[in-house]
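Hi,

Here is the structure I promised to pass on. My notes follow below it.

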Amino acid sequence: MLGIGRGSREGVISLEASIKSCGRTKQWSVALRLLREGLRLGVQLGPGHYVATASACRKGGQWQHALSVLSDMWKAKLEPNVISYSAGISACEKGEQWQPALALLSEMWEAKLEPDVISYNAGISACEKGKQWQPALALLSEMWEAKLEPDVISYNAAICTSERCSQWRHAFLLLRVMRERHVETNDISYNLCITAYERSSRNLAGLSCYRCIGLSRFRVSCGALSVWEPAGEPL
């Protein structure tokens, strides 16, 4: 399958490029075959080959294969890093496996590796897929303790988790925190909060909250009625 020499630097680079190409086209099974062929030929594989293969599996919705590839990397005595762990957490998120995602985050700390914003965002998104709002908020708290500043993706994932779990107060609280910490909000941030109110059938309480938070724009929904008004105008 591969026309590469076992000690060829060009071959090693070519193999990693081929695996990454499989990831872009979601050909996870081909990526796996390339990795195994490289092992069979005695190619000196590095972390990049394994991470690229795991990423291809993640994009193909094969979270179990992704974790298996990363496990093989660690068995090969290749030092895990933030990128490899983040790839595993992202694979868990894609497969809606929030518990393995949190386990990997814990392993990172045990391995003296500090998760970055990408790692935490994947973990929060995994909690969102699993409708686990409490672990999602706990991860946000961990980020603050670790002196990591959550970005709009972090907050939106946590707000989405709150919305899916009908935790409308937490959704609006997170939106307030975003504004206080000067994190730029977007339509997704606002619409998720609004949907949380709609699902909880607390539209009147929502009107009061809109006034307190001072949203730049809002939607008041009542049945089939949707009204958009600019900031500064009375409700």
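The buried residues of α6 pack against α4 (63-75), α5 (82-94), α7 (117-129) and α8 (133-145). Helices here are DSSP runs of H or I with at least four residues, numbered from the N terminus; buried means under 20% relative accessible area, exposed over 50% and partly exposed in between, using a 1.4 Å probe and protein chains only. Contact means heavy atoms within 4.5 Å.

This is a predicted model, where local features need pLDDT of at least 70, side-chain atom pairs count only at pLDDT 80 or more, and totals for chains, interfaces and linings use all residues. Residues are numbered from 1 along each chain as its sequence is written, and side-chain values use heavy atoms, leaving out hydrogens and water.

Back to α6: Ala101, Leu102, Leu104, Leu105 and Met108 are its buried residues. They cover an arc of only 155° around the axis (taken from the directions from the helix axis to the C-beta atoms), so they sit on the same side of α6. On the other side, Gln99 and Glu110 are exposed. Glu107, also in α6, is partly exposed at 33% relative accessible area.

Now the cores, meaning sets of buried Ala, Val, Leu, Ile, Met, Phe, Trp, Tyr and Cys residues joined through side-chain atoms within 4.5 Å. The largest nonpolar core has 39 residues, and Ile124 and Leu140 have the most contacts inside it. Its largest share, seven residues, comes from α10. A second, separate core of 24 residues includes Val12 and Tyr50.

Best wishes

Key: Helix = DSSP H or I, 4+ residues; strand = E, 2+ residues; numbered from the N terminus.
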